[in-house]
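Please go through the contacts in this protein model.

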Amino acid sequence: MRILVVEDEVDLARTLHTGLTAEGYSVDLAHDGRQGLWMARTGAYAAVVLDLMLPGLNGYKVCAQLRRKSNATPILVLTAKNGEWDQTEALDTGADDYLAKPFSYLVLVARLRALVRRAAAVAPPVLAVGDLSLNVAARVCRRAGARVDLTPREFAVLELLARRAGQAVSKADLLYHAWPDDALDPNLVEARVSVLRKKVDAPFHRQSLQTVRGIGYRLVDDRERG
């Protein structure tokens with residue numbers, strides 16, 4: 001499970017990286033608001049830990065821009081400002097929770113777990129793109145009602161594409177999602193997509209897994225072409 005930490009205090013960011021990694025999360029770091037916004041938009045994160053007072057673009061604006069783009073990733077705000085107006089503004093601009101510095105690390109981890117649980121509870125149990133469906137909880141893939149057996153890596157790649165149906169998804173994002181501990185070789189993605197096409201497209205005479213030149217792949221509803 002991937003977490004994005006956007007924090008310009010380098011020592012604190014490293015501490016959070018070490019601690020959250022020990023908790024079993026895969027953690028990415030950003031040290032300014034613009035980089036954090038870009039990563040939050042393009043990555044598949046279970047949650048974002050976001051400082052408010054950031055260079056480039058402050059946390060309020062990061063929250064607001066993510067929500068305007070319908071990005072529902074849970075956001076836990078960190079800030080040295082402890083006034084009720086700051087807390088209210090953070091929540092009103094899209095944050096899901098708020099923690100003032102200095103904070104208890106145990107409390108931060110507990111609140112992060114709670115955010116991830118709540119997000120999972122409201123996530124759709126089945127992702128559907130045309131007649132292709134993925135039951136995320138059961139890890140079952142079906143096309144036109146027929147079950148398609150996938151390996152865990154194949155399912156992870158297809159799941160991210162389904163969550164962003166119609167959108168171009170980079171090879172880097174797919175790597176981070178399916179290979180969080182070994183996200184280095186884009187050939188891993190290319191090989192899995194090749195196999196997926198043989199499993200979910202070819203037997204059904206479809207071309208729903210499309211290559212986006214120079215970026216990666218997208219998953220579309222191509223029934224009108226079937």
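Q: How many salt bridges does the structure hold?
A: This is a predicted model, in which local features need pLDDT of at least 70, side-chain atom pairs count only at pLDDT 80 or more, and totals for chains, interfaces and linings use all residues. Residues are numbered from 1 along each chain as its sequence is written, and side-chain values use heavy atoms, with hydrogens and water left out. A salt bridge needs a side-chain nitrogen of Lys or Arg within 4 Å of a carboxyl oxygen of Asp or Glu. By that rule the number of salt bridges is 15.

Q: How many residues apart in sequence are the parts that Lys101 and Glu9 tie together?
A: Lys101 and Glu9 form a salt bridge, with the closest N and O atoms 3.1 Å apart. Helices (H or I, at least four residues) and strands (E, at least two) are DSSP runs, numbered from the N terminus. Lys101 is in the loop between strand S5 (97-100) and helix H5 (105-122), and Glu9 is in the loop between strand S1 (2-6) and helix H1 (10-22), so the parts tied together are apart in sequence by 92 residues.

Q: Is Lys101 buried or exposed?
A: Buried means under 20% relative accessible area, exposed over 50%, and partly exposed in between (1.4 Å probe, protein chains only). Lys101 has 15% relative accessibility, so Lys101 counts as buried.

Q: In which strand is Asp51, the residue that Lys101 links to across 50 residues?
A: Lys101 and Asp51 meet through their side chains in a salt bridge, at 3.4 Å from N to O. Asp51 is buried, with a relative accessible area of 3%. The pair links distant parts of the chain, 50 residues apart: Lys101 is in the loop between S5 and H5, and Asp51 is in strand S3 (residues 47-51).

Q: Which residues are linked with Lys101 in a network of salt bridges?
A: Glu9 is one salt-bridge partner of Lys101. Asp51 is another. The network links Lys101 with Glu7, Glu9 and Asp51.

Q: In which helix do Arg163 and Glu159 both lie?
A: Arg163 and Glu159 form a salt bridge, their closest N and O atoms being 3.0 Å apart. Arg163 is partly exposed at 40%, whereas Glu159 is buried at 7%. The two residues are four apart, about one turn of the helix, and that helix is H6 (residues 152-163).

Q: Which residues does Tyr60 touch?
A: Tyr60 sits in helix H3 (residues 59-68). At 10% relative accessibility, Tyr60 counts as buried. Contact means heavy atoms within 4.5 Å. Not counting residues up to four places away in sequence, Tyr60 touches Leu52, Lys81, Asp86, Glu89, Ala90 and Thr93.

Q: Which elements do the buried residues of H7 pack against?
A: In helix H7 (residues 171-178), the buried residues are Asp173, Leu174, Leu175 and Ala178. They pack against S1, helix H2 (33-42), H6, strand S10 (169-170), helix H8 (187-201) and strand S12 (216-219).

Q: How many disulfides does the count come to?
A: Cys63 is buried at 0% relative accessibility, and Cys141 is buried at 1%. A disulfide is a pair of cysteine sulfur atoms within 2.5 Å. By this rule the count of disulfides is zero.

Q: Over the face of which residue does Arg2 lie?
A: A charge sits over a ring if NZ of Lys or CZ of Arg is within 6 Å of the ring centre and within 35 degrees of the ring normal. Arg2 is at 4.3 Å from the ring centre, over the face of Tyr45.
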